[in-house]
Amino acid sequence: MEEQQRRALRRGRARLVAALRVEPLWDPLEQRGLFTRPMLEELQSAGSRGEQARQLIIDLETRGKQAFPAFLSILRDTGQGDLAEMLIQECESRPVLPQLPDLRPVELELREEKQRKNVTPHEHLSISVQAESERPRIPPVPARGSAVDKRSRDLVYEMKTDPCGHCLILNNVNFSRDSGLSTREGSDIDCEKLERRFKALRFTVLTRRDLKAQEIVLELQKLSRQDHSALDCCIVVILSHGCQTSHIQFPGGIYGTDGKPIPIEKIVNYFNGSNSPSLRGKPKLFFIQACGGEQRDQGFVVDCDSPEEEAPGGSLESDATPFRVPSDNVDEPDAIACLPTPSDILVSYSTFPGFVSWREKSSGSWYVEMLDSVLEQYAHSEDLLGMLVRVAGAVSAKGRYKQMPGCFNFLRKKFFFACD
């Protein structure tokens with residue numbers, strides 16, 4: 001889809017959400033090949049008519065070069081020509097750049113400066129030292145521990161309930177033969193580690209194994225629609241094969257055991273303020289052990305005294321699946337920032353988008369191994385972002401081939417786990 005068409009959809013989104021009649025659109029959208037039936041069913045489950053319209057407009061941007069003219073034609077065919085004309089006008093209009101004020105430099109000379117010009121160097125030094133001594137001092141940051149209960153509520157998420165929240169672990173190990181995806185040996189080890197860890201961190205842990213894409217969606221929707229009013233947090237962990245996907249907010253996708261992909265941003269959006277009202281203002285954490293692509297990172301030379309570990313081969317596997325080259329009517333992946341930033345969400349990826357994520361058959365994945373170890377050592381004293389930096393550092397130092405975890409952080413406050 002061309003940029004001016006995307007811009008037209010974004011500019012007209014508010015009116016489309018308010019006025020678009022979505023019910024007559026479903027069949028034409030499928031007949032024109034813009035959406036499959038499962039995709040439409042997922043859109044229909046987005047909530048109210050307005051939420052369905054909003055999600056439809058967002059997804060439409062990823063449907064290829066012919067999506068915009070086809071959508072205009074469908075609008076006219078369903079008696080919504082006024083909305084089609086509005087989009088055409090938005091598409092033809094040029095973006096208006098804000099007019100900058102005429103700024104000119106103005107020379108100001110303060111009385112104090114005049115006085116300072118006439119003082120001797122010794123006097124000038126005295127004045128400077130005196131001014132420095134009169135500055136208000138910033139108190140040092142208190143150490144974590146004794147000051148835990150004194151932290152400002154405006155800076156740290158509350159984690160007072162017991163249990164703190166639900167933790168859903170989706171562990172896909174065995175994939176259908178038709179999917180072409182290999183068995184993820186070592187994933188059960190990852191799952192057991194994280195079950196123990198999050199139970200120790202006072203979460204109610206639920207594990208689901210070997211789910212198809214639609215079954216994963218149902219589990220996520222079931223969790224997001226629960227009443228979280230008496231809880232402080234929600235965690236989702238996904239262990240599966242992964243891939244690249246077209247996206248707007250969060251990159252990457254994960255596979256169900258049937259080989260069907262689910263975009264990470266779809267997973268995250270099930271837990272936004274509209275779909276999960278009882279989680280509004282509460283931290284929602286996602287940990288994704290899956291590949292972001294198929295590139296193998298060999299790194300670059302640095303001075304390092306750490307020993308080189310086992311090279312990939314033998315018991316070391318990746319969760320990579322090839323990124324399928326888009327057909328002519330589908331745009332290439334992009335990451336255009338066009339939505340309001342989601343709040344209170346953190347998505348931690350096991351690898352940088354586009355690269356593989358390594359997993360040992362005997363000891364599990366590098367990412368989960370380090371995440372579990374860091375949580376065990378530092379969860380009682382450090383915030384989550386600080387710990388994820390430690391995880392990234394430890395994982396990046398492993399092996400001949402490299403792996404770089406990272407995260408998309410939209411938390412508004414610091415997050416500390418509640419430790420016994």
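Which residue forms a salt bridge with Arg 37? The partner is Asp 27, with the closest N and O atoms 3.3 Å apart. A salt bridge here is a side-chain nitrogen of Lys or Arg within 4 Å of a carboxyl oxygen of Asp or Glu. A search of the whole structure finds 16 salt bridges.

The model is predicted: local features need pLDDT of at least 70, side-chain atom pairs count only at pLDDT 80 or more, and totals for chains, interfaces and linings use all residues. Residues are numbered from 1 along each chain as its sequence is written, and side-chain values use heavy atoms, with hydrogens and water left out.

**Arg 37 and Asp 27**
- Asp 27, Glu 30 and Arg 37 are linked in a network of salt bridges.
- Arg 37 has 26% relative accessibility and Asp 27 has 44%, so each counts as partly exposed (between buried, under 20% relative accessible area, and exposed, over 50%; 1.4 Å probe, protein chains only).

**Arg 32 and Asp 77**
- Arg 32 forms a salt bridge with Asp 77, the closest N and O atoms being 3.4 Å apart.
- The pair ties together parts 45 residues apart in sequence, because Arg 32 lies in the loop between helix 3 and helix 4 and Asp 77 in helix 6 (residues 67-77); helices are DSSP runs of H or I, at least four residues, numbered from the N terminus.
- Arg 32 is partly exposed at 41% relative accessibility, whereas Asp 77 is exposed at 60%.

**Asp 162 and Arg 202**
- The side chains of Asp 162 and Arg 202 form a salt bridge at 3.8 Å, N to O.
- Asp 162 is exposed at 59% relative accessibility, whereas Arg 202 is buried, with a relative accessible area of 18%.

Key
Helix = DSSP H or I, 4+ residues; strand = E, 2+ residues; numbered from the N terminus.
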